[in-house]
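This report covers sheets, helix packing and cavities. The structure comes next.

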Amino acid sequence: MDYDLTRLGTREFEHLTQALAAQILGPAVQTFGDGPDGGREAEFRGEMQYPIPSPGGPWSGHGVLQSKFLQRPKGTNPDTTWFLAVVRAEIRQWANNKSKRVRKGALPDYLLFATNVVLSPDPETGGIDLFKRVTQDLIAELELDIKGCEVWHFDQICRYLDLYPNIRQTYSALITSGDVLFRLQELLEGTASELGELLANHSSKELATDQWVKLGQAGEAENQRLPLAELAIDPTASYTSLDGSHETVSTVRHILLHGDSVLRPSRQAETPPHIALIGGPGQGKSTVSQILCQAYRVALLREATDRLDADTADTVNSFDDEMRRMGLTVPAARRWPIRINLSEYADAVAGGEPVSLLRYFAAQISRRTPDITPNQLRSWLRAWPWLVVLDGLDEVASPQARDVVMERVNDFIIDARSVDADLLLVATSRPQGYREEFSPRRYVHMRLEPLDTTYAVSYAKQLTQLRHRGDPDTADRVLKRLEEAAEDDLTARLMTTPLQVTIMAILLERRQRVPQQRYRLFNDYYQAIYNREASKAGPVAKLIDDYRTTINHLHERVGLFLQVQAERAGDSDAVLSKDELSKITIRYLQDEGYDDVMGGALSGRIVDAAMRRLILLVPRKQECVGFDVRSLQEFMAARAIATADADQTSGLLKIIATSAHWRNTWLLAAGYIFHERPSFRDRLVTLLDEIQSVDKVSLFLKPASSLAVDLLDDDVAAKAPRFLRSFTKHAIELLDEPMGEFEGIHFGNALWDVAELDSPSRAAIEQAISKTLPAGGHGAVNALSFMKMHWDGRLGRLAYAVKRNLDRHGNSSGGIVPFIGCRLLDPQFLIAGLNDKTITLAYKSLVEVLEPYVNMSQVQGGREILGHLFGGVNIGFFVTPAGEQVAIGANHDGRGQRVEEMAAPGVTDALIAAAEDLPVELWMVRYQLRQLFQSSQERRPAGVFLLRSTPEYGELASLLVDDLAN
């Protein structure tokens with residue numbers, strides 16, 4: 001059969017021809033990786049069994065393979081002309097004594113060209129005969145001692161692929177033309193070849209299900225459905241490349257291009273094959289995963305539309321068109337996609353059952369398709385490329401459930417490696433509480449960037465035009481208001497996520513302007529949805545209008561209890577039943593003085609309304625309610641906390657201050673305090689002081705400083721300079737500590753923005769830097785490295801102070817501090833040093849590095865405890881020309897750290913003491929210790945303590961779910 005070689009692209013065509021050369025010419029073939037190749041993709045030496053038949057006998061000597069790929073073929077004649085021109089140029093290069101390829105290697109005895117161009121076999125005038133005449137004449141003209149010159153053209157390569165099924169199978173998703181899933185029996189062998197129609201059927205159903213964006217997922221009460229294809233955008237993300245530079249790319253486009261490579265372990269790629277996508281609340285992580293899966297479904301189905309029903313075929317064509325609008329092309333590799341919600345998978349494994357990912361996939365597929373077994377999927381994994389999206393690690397809040405989930409994910413990767421699977425994993429998480437559970441050795445980490453103003457307005461335009469297709473005047477009015485909002489600095493800072501732009505667009509349908517703080521944005525949105533529902537006709541609208549206080553209370557308590565539930569293993573997808581909802585409502589009405597009869601009747605009406613939809617409460621499972629958007633659940637939980645009396649609010653905020661699961665709730669509660677309870681502001685500042693000094697761990701970690709950074713980023717105190725400066729003072733303390741990439745970017749942006757906004761805050765930042773650097777030690781190294789990585793080269797009011805301090809301290813001669821702080825963080829310096837061997841790289845286990853600094857007599861369990869805490873973590877050292885060893889990076893093998901071992905006697909005191917004793921060149925080890933302590937704090941369940949601390953919540957918890965209060 002013929003194959004579509006054009007979809008391979010230059011890189012994979014080269015790899016395919018290398019594989020064919022190794023198969024046909026034998027083990028003497030040496031292939032070359034990406035980069036300058038000196039005119040060769042492979043070379044071979046010795047006696048070959050090629051070509052057969054051959055008048056002169058088989059080749060014997062030194063030969064070179066050169067691949068020539070034509071990206072956009074135009075036809076046999078022009079393509080042949082192009083190829084012959086390329087061949088002439090290559091042969092002339094071998095005749096040029098000044099060329100690098102001649103200087104670096106001897107002239108080959110044989111040249112073998114491989115091309116995807118179709119060469120006509122017509123005698124004398126066809127491309128094959130032309131190639132022979134052109135090469136023979138040119139070799140004679142240039143007097144080159146080349147014994148033979150051959151070509152593998154399109155038809156020849158296709159016949160080789162027919163002959164070698166192992167190579168054909170490796171590239172089948174890239175080279176098969178036509179309706180690929182329906183032709184598997186022509187391509188594959190064994191069990192996998194039987195799955196085509198079943199998996200095509202499953203992909204068709206998933207394509208139809210995933211084609212909508214529901215505005216109910218932004219809390220929109222009417223839950224309007226809009227086509228994903230017409231609304232979707234491709235957000236930008238940044239990542240660190242192999243040379244240490246920071247790249248900014250279009251997220252979906254980058255991942256699709258990455259997926260066009262063959263990612264089998266046998267290929268031994270230089271970069272990790274998988275991707276971890278990190279983004280904050282509402283930044284569109286799930287939508288990106290939805291677009292990725294739809295793109296691959298379209299790639300699988302678009303050439304088989306005659307086999308699909310009319311609606312599915314229309315969806316395929318529509319998404320194909322809209323991908324071009326987004327600047328995307330349908331992926332060349334036809335990966336089979338599957339997407340799962342990790343919180344739902346966590347519930348499946350919470351009972352301790354051995355539910356492997358493969359078994360879970362099989363169960364999910366079998367819900368909509370005739371039974372698929374795990375063994376069938378294993379065969380499919382071996383035979384065909386996959387995309388697996390693991391969405392929402394952050395929603396697996398239970399430490400035990402998260403550990404099990406990550407163990408199962410790592411097991412799946414090991415299983416996939418054992419069958420040499422061409423697997424692309426894309427995993428998503430919020431940054432809060434994320435501690436590189438997805439190992440950097442396996443995953444490239446991409447950070448979703450905030451939407452810039454232009455992109456945000458463009459998205460808003462698409463949204464308003466879709467929402468108001470039949471009302472262009474309304475669409476124009478809303479868009480004009482959004483454009484005006486984008487011109488205000490503080491309002492524009494809210495237009496950084498698709499969720500918040502959606503909320504703003506809905507708000508501006510009925511008002512002239514939007515608020516400038518995130519809490520007020522959510523609050524005003526809730527009130528707008530509430531007022532709209534209350535203004536409608538009918539008994540439900542009257543109920544909503546008459547009992548606002550009760551319905552507000554219900555939303556707040558449901559938000560709080562669902563947030564608590566979501567922390568527990570098995571309750572990641574938290575909902576409340578109709579009966580539980582009734583208990584909350586009746587309890588509140590009793591406190592308001594209603595008797596049992598009146599309270600019961602009113603509660604029944606409110607709960608019945610909630611079972612259909614009540615403002616933000618939506619039906620989820622059978623006779624259950626919840627929130628469609630996690631951020632809205634957190635907003636309501638924040639209101640429940642912030643509306644308690646002052647002492648209770650302080651206590652509750654203190655309990656949840658260090659929890660990653662509760663971080664967004666904490667910040668929204670702080671926003672409520674600043675805008676609804678101004679008398680509580682000073683107490684909030686005092687609370688930060690208390691959080692910072694709870695115990696030794698808090699003094700070491702500075703959790704209030706991290707909260708202060710988030711408060712600055714949220715613009716909570718943007719209109720209250722006194723408090724803005726207090727938050728800045730707390731945040732500055734983190735300059736003394738090493739930070740990871742995401743934490744450093746967040747910290748740097750927040751402080752840079754506040755320096756632009758407030759001169760006294762900028763002066764405080766400059767003063768802190770000026771004091772830290774001359775003092776030396778860890779603080780100086782951290783401040784220098786931070787400025788070099790995150791602030792160097794920026795423009796703004798803080799820029800002069802940064803440049804002055806880097807010039808004064810970062811470039812001084814001698815000593816380890818400037819070396820770490822400046823030169824070693826310059827990627828070009830590192831690359832040059834590694835290349836010329838003046839810098840060497842070595843790895844040691846973290847346990848080995850840390851052990852000399854830990855007082856083992858304090859630690860019950862000794863070295864074994866360190867192994868449990870840090871097993872699999874290795875520290876990378878750069879060794880300088882002077883023999884200095886600098887710990888500059890770390891990696892781990894994907895095994896979860898057993899943070900529960902932190903509770904063993906003496907561990908905390910011994911590790912904190914060790915951290916303080918570490919020499920400055922081991923600054924990265926201090927960072928790893930901070931990561932361990934932060935992971936222990938952030939993953940500790942806080943909700944149960946929150947419930948116990950307040951009588952009302954404790955009593956309600958015992959009414960709802962007994963074990964919530966136990």
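Strand β10 (residues 274-278) pairs with strand β13 (residues 423-429) in the parallel sense, over 4 bridges. Pairing requires at least two DSSP bridges between the strands. Strands (E, at least two residues) and helices (H or I, at least four) are DSSP runs, numbered from the N terminus. Ile-278 has Ser-429 in β13 as its bridge partner. The model is predicted: local features need pLDDT of at least 70, side-chain atom pairs count only at pLDDT 80 or more, and totals for chains, interfaces and linings use all residues. Residues are numbered from 1 along each chain as its sequence is written, and side-chain values use heavy atoms, with hydrogens and water left out.

An open sheet of 7 strands runs in the order β9-β8-β14-β10-β13-β12-β11, with mixed pairing. Its edge strands, β9 (246-250) and β11 (336-341), each pair on one side only. Helix α11 (residues 251-259) packs on this sheet and touches β8 (236-240), β9, β10, β13 and β14 (443-448). Contact means heavy atoms within 4.5 Å. The direction of α11 makes about 95° with that of β9. Axes are lines fitted to C-alpha atoms, for helices over the stretch in contact, and angles run from 0 to 180 degrees between N-to-C directions. Helix α14 (residues 342-349) lies across β11 and β12 (386-391), at about 70° to β11.

## The five-stranded sheet

A second open sheet has 5 strands in the order β1-β2-β3-β4-β5, again with mixed pairing. The edges are β1 (29-31) and β5 (148-152). Twist averages 20° from one strand to the next. Helix α2 (residues 76-95) packs on the sheet against β3, β4 (110-115) and β5.

## A helix pair

Helices α22 (residues 518-534) and α23 (residues 539-546) pack at about 135°, with axes 8 Å apart. That angle makes α22 oblique to α23; under 35 degrees is roughly parallel, over 145 roughly antiparallel, 65 to 115 roughly perpendicular, and the rest oblique. Tyr-530, Glu-533 and Ala-534 in α22 meet Ala-541, Ile-544 and Asp-545 in α23.

## Cavities

The whole structure holds 4 cavities of 30 Å³ or more. A cavity is a set of points on a 1 Å grid over the protein atoms alone where a 1.4 Å probe fits but cannot get out; lining residues have an atom within 4 Å of a point. Volume is the space filled by probe spheres set on the points, which are joined across faces, edges and corners.

The largest cavity has a volume of about 160 Å³. Its lining has 18 residues, with Asp-394, Arg-402, Gln-432, Ala-660 and His-661 nearest the centre.

Definitions and conventions. On a 1 Å grid over the protein atoms alone, a cavity is a set of points where a 1.4 Å probe fits but cannot get out, and a pocket is an open set with protein on both sides within 12 Å along at least five of seven lines; lining residues have an atom within 4 Å of a point.
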